[in-house]
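The following briefing collects computed features of one structure, grouped by topic, for a reader who wishes to check each of them against the coordinates.

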Amino acid sequence: MSVAAAERTRTPKADPACVGAVDLARAAAEEVADAPMSGDALGEYLGHRVEGERLVTHRFATTDRAYQGWHWSVTVARASRAKDVTVNEIVLLPGDEALRAPAWVPWAERVEAGDIAPGVQFPTPAEDPRLVPGYTAGEDAADPDPAERSQLRAVVAELGLGRERLLSPEGRDQAAERWYAGDGGPDNQMTQQAPGNCVSCGYFLKLAGSLGTQFGVCANVYSPSDGRVVSLDHGCGGHSDVVEEQPSQEAPAPVWDSVSWDSEATLFE
């Protein structure tokens with residue numbers, strides 16, 4: 001280990017003057033604490049911590065009931081070859097049991113699936129890995145000639161290929177994993193009690209492209225999955241092979257009448 005590295009890892013020596021400046025630290029904290037609070041805001045002394053050469057932090061408990069579990073932290077310092085200790089920083093800090101606001105989460109990480117509501121616009125990230133440039137190449141078309149680019153756009157629009165961005169292989173894989181793990185997949189009670197899977201159902205509309213090897217759309221109006229993406233091994237009770245029993249076309253045999261109408265007896269005797 002070099003001399004410089006040893007200096008960085010060496011535990012700083014406690015400065016006696018800074019360690020003994022407890023009264024100075026308390027007075028400074030009380031002066032700050034009395035501004036927003038009323039009464040005696042400082043409690044017992046909680047000790048000190050050596051921060052560096054001639055730099056010590058003193059801690060005091062707070063008696064304010066609104067800040068239970070917090071403490072006042074006062075850092076004092078002494079300049080080289082100086083005799084007097086000065087206050088460097090005063091701050092109210094939370095302890096392990098203090099009530100604190102939850103950690104801030106960026107907006108992009110707070111949004112969850114299904115959060116888009118009517119009237120809400122959800123911007124697509126510029127470098128979204130789920131998308132790749134379409135046939136028009138967006139604003140980054142390879143041909144800088146505006147005329148040729150305009151002609152290219154007209155051709156691809158005629159072919160129905162004019163989207164600026166398309167789903168990337170990563171985007172398709174994410175969608176497949178999400179759909180398969182959702183209600184349209186096989187791991188649910190609906191599928192376990194179904195008489196058959198969607199792959200053999202007449203109401204199953206297979207998707208085009210690579211996703212069609214695993215998914216389709218249900219077209220059974222009575223199914224809870226109607227209009228939704230379902231996997232080949234999904235299933236419900238509305239399978240097309242489940243048909244109602246047809247009534248018999250032959251007339252039933254007559255019931256034998258054991259009552260003789262030739263006698264005077266009636267059914268009400």
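Tyr45 is partly exposed, with a relative accessible area of 30%, where buried means under 20% relative accessible area, exposed over 50%, and partly exposed in between, computed with a 1.4 Å probe on protein chains only. This is a predicted model, in which local features need pLDDT of at least 70 and side-chain atom pairs count only at pLDDT 80 or more, whereas totals for chains, interfaces and linings use all residues. Residues are numbered from 1 along each chain as its sequence is written, and side-chain values use heavy atoms, with hydrogens and water left out.

**Aromatic pairs**

- A search of the whole structure finds four aromatic pairs, a pair being rings of Phe, Tyr or Trp (its six-membered ring) with centres within 6.5 Å, called stacked when the planes are under 30 degrees apart, edge-to-face when over 60, and tilted for the rest.
- Tyr45 and Phe60 form a tilted pair, with 5.3 Å from centre to centre and 55 degrees between the planes.
- This pair links distant parts of the chain, since Tyr45 belongs to strand 1 (residues 42-52) and Phe60 to strand 2, 15 residues apart; helices (H or I, at least four residues) and strands (E, at least two) are DSSP runs numbered from the N terminus.
- Phe60 is buried, with a relative accessible area of 0%.
- Trp179 and Phe215 form an edge-to-face pair, with 5.5 Å from centre to centre and 85 degrees between the planes.
- The pair of Trp179, in helix 6 (residues 169-181), and Phe215, in strand 8 (residues 215-218), also links distant parts of the chain, 36 residues apart.
- Trp179 is partly exposed, at a relative accessible area of 27%, while Phe215 counts as buried because its relative accessibility is 0%.
- Trp179, Tyr180 and Phe215 are linked into a cluster by ring pairs.

**Surroundings of His58**

- His58 has its place in strand 2 (residues 55-62) and counts as buried because its relative accessibility is 0%.
- The side chains of His58 and Tyr45 are joined by a polar contact of 2.7 Å, the term meaning a pair of N or O atoms within 3.5 Å, of which, within protein, one must be able to donate a hydrogen and the other to accept it, and residues adjacent in sequence count only if both atoms are side-chain atoms.
- A polar atom of the His58 side chain also lies 2.8 Å from the backbone oxygen of Cys18.
- Leaving aside neighbours within four places in sequence, the residues in contact with His58 (heavy atoms within 4.5 Å) include Cys18, Val19, Tyr45, His48, Trp72 and Val76.

**Backbone angles in loops**

- Arg54, found in the loop between strand 1 and strand 2, has a positive phi of about 55 degrees although it is not a glycine.
- Arg54 counts as partly exposed because its relative accessibility is 27%.
- Arg81, which lies in the loop between strand 3 (70-77) and strand 4 (86-94), has a positive phi of about 70 degrees although it is not a glycine.
- Arg81 counts as exposed because its relative accessibility is 85%.

**Cavity**

- The structure holds one cavity of 30 Å³ or more, a cavity being a set of points on a 1 Å grid over the protein atoms alone where a 1.4 Å probe fits but cannot get out.
- The largest cavity has a volume of about 100 Å³, a volume being the space filled by probe spheres set on the points.
- The largest cavity is lined by 16 residues, of which Cys198, Cys201, Tyr203, Cys218 and Cys236 lie nearest its centre; lining residues have an atom within 4 Å of a point.

Methods
On a 1 Å grid over the protein atoms alone, a cavity is a set of points where a 1.4 Å probe fits but cannot get out, and a pocket is an open set with protein on both sides within 12 Å along at least five of seven lines; lining residues have an atom within 4 Å of a point.
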